[in-house]
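This report describes one protein chain, from its overall form down to single residues. The sequence and the model are shown first.

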Amino acid sequence: MKNLRSIIIATLLLFVLVGCSSQNEELKVYNNHFFAMDTLVQITVHSEDSDKADEAFQLAREEVERLETKLSAHIEGSDVDTITKNAGIEPVEVSEETFYLLKKGVEYGEKTDGKFDITIGPLLEAYSWSNQVVPTEKEVQQATQLVDYKKLILDEDNQTAFLTEEGMTLDLGAIAKGFIVDKAAEIMMDHGIKYGTVDGGGDVYLMDKPDGTPWRIGIQHPRKQQGEFIGIVETYSNSVVTSGDYERYFMDGKTRIHHIIDPIEGLPPQNVQSVTISAPNATIADTLSTALFNYSPEEAVSFVEDFDGVEVLVVDSEGQIYKSTGMQEKVTINK
C-alpha cells in the first residue's frame, strides 16, 4: 500500500480495555500483529478461547493480504498497477472490490470538488520525503495536469477502469487502508467475534466493547512527543482516523513539506496540523481525514455537518482546535 500515506496518517493509541462486565467475565483478551500495507496491523479480540481467536486472526490476515494484492499501487500485477500501466492505452477489467473502491474514490472526488483525488499519483511521485526533494514549480504544474479523477472512466457493465491520459497514475493510499481494515473487522465478526479492534497503522475500526462502555482513544498532539495527547475521544463501535503533518515530513526553510498534498494546488497545506475523523467505518474516516486536510478548519467543520455519523476535530497551524457539533460531545481536550 502506498508508503506515503500508510505510515503516517495517525498516531492513535487505544486505551486497552479492562474490566469486563459480569456476563463477559469468561472472555479473555488476545492480541496479534503482522506487517502489511507498509505498516503494522494490530488486532485485539475478546474471546472465550484461544482457538477461536487464532482462527479469527488468521482469517483477518488472509483478508488483508488478499486485498492488498489487488489495491496496492506498488505490487506488480495488482489491479491498480495494471490500470496505471494501461493509462492512455486501454480499459482494464478489475475485481469487484477494486471497482467498488474506485467508484467510492470518484464519489469523494465529486463531493470534495477535487480536494480528494485518487489520481494523485504523479504529484506524490514528484516529491521525495526520504531524499528531502521538493519539486520545482514547473514540475508541480506538470504533475498537477495529470491529476484529475474525472479522467478515470469506470464501466459498470464490463467492470473496467481506464485512465484516459498516458502518465496518469492511481494511488488509493488515502482510502484503501481504511477499506481493508473494515474488511478485516467484518470477516472476524462473521466468524463470531463481537468485541475487539483492528488498527492498521492508525486507521482504527472499533467493534463493541465487552463491558458496554465507550472506547477511549487518545489523539496525538501534533507538536509533542508521541504518546502525548491533545485530547481523548470517547466512542462506541465506530472508526477513528487522524491525518497529521507531524510524522513524515522535512523542513524546507520555514515550510513543512509533509506527505499530504493538495491535489489541486500540488502543495502540502500549511494551515492545518492534524484532522481527526470519527465515522461509522474506516473507509469514510480514512478518506475524509485526508480530504479535509485541504480545507480551512471552518470549511472542514461545515463539511461534516452534512454527513450522518461523521464528526471532525481540526488542529490548525496555530494549535487552535475546531470541532463539529457531535465531536464536542465526544472529546475531552487536555489542558
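**Overall form**

The coordinates are those of a predicted model. The secondary structure amounts to 10 helices and 17 strands. For 335 residues, a compact globule would have a radius of gyration near 20 Å, and the protein agrees with this because its own value is 20 Å. Along the principal axes, the C-alpha atoms fill a box of roughly 65 × 45 × 40 Å.

Of the 335 residues, 57% count as buried. When contacts between residues at least 6 apart in sequence are considered, 65% of them join residues at least 24 apart.

**The annotated site**

Which residues does the UniProt annotation "binding site" cover? According to that unreviewed entry, they are Ala174, Asp286 and Thr290. These residues span 117 residues in sequence, yet no two of their C-alpha atoms are more than 6.7 Å apart, so they gather at one spot.

Asp286 belongs to helix H8, which runs over residues 282–291. Thr290 is found in helix H8 as well. Is Asp286 buried or exposed? Its relative accessibility is 0%, so Asp286 counts as buried. Thr290 is also buried, at a relative accessible area of 10%, where the cut-off for buried is under 20%.

**Loop residues**

| Residue | Relative accessible area | Class |
|---|---|---|
| Asp286 | 0% | buried |
| Thr290 | 10% | buried |
| Gln159 | 26% | partly exposed |
| Ile264 | 42% | partly exposed |
| Ser130 | 60% | exposed |

Ile264 sits in the loop between strand S13 (255–258) and strand S14 (272–279). With a relative accessible area of 42%, Ile264 is partly exposed. What does Ile264 contact, leaving aside its neighbours within four places in sequence? The residues in contact with Ile264 are Asp113, Gly114, Lys115 and Thr144. A further pair to inspect is Ile264 and Gln141: they are 123 residues apart along the chain, and their C-alpha atoms are separated by 9.8 Å.

The loop between helix H5 (121–126) and helix H6 (137–144) holds Ser130. Ser130 counts as exposed because its relative accessibility is 60%, the cut-off for exposed being over 50%. Ser130 and Asn238 are 108 residues apart in sequence, and the C-alpha to C-alpha distance between them is 34 Å.

Gln132 is found in the loop between H5 and H6. Its backbone has a positive phi, near 55°, in a residue other than glycine. Gln159 also has a positive phi, about 50°, although it is not a glycine. The loop that holds Gln159 lies between strand S5 (152–155) and strand S6 (160–163). At a relative accessible area of 26%, Gln159 is partly exposed.

Technical notes:
Residues numbered from 1 in each chain as written. Predicted model: local features only at pLDDT ≥ 70, side-chain atom pairs only at ≥ 80, totals over all residues. Heavy atoms only, no water. Helix = DSSP H or I, 4+ residues; strand = E, 2+ residues; numbered from the N terminus. Rg over C-alpha atoms; globule rule 2.2 N^0.38 Å. Buried < 20%, exposed > 50% of the residue type's maximum accessible area, 1.4 Å probe, protein only. Contact = heavy atoms within 4.5 Å. UniProt positions renumbered as here; feature names shortened; annotations may be inferred.
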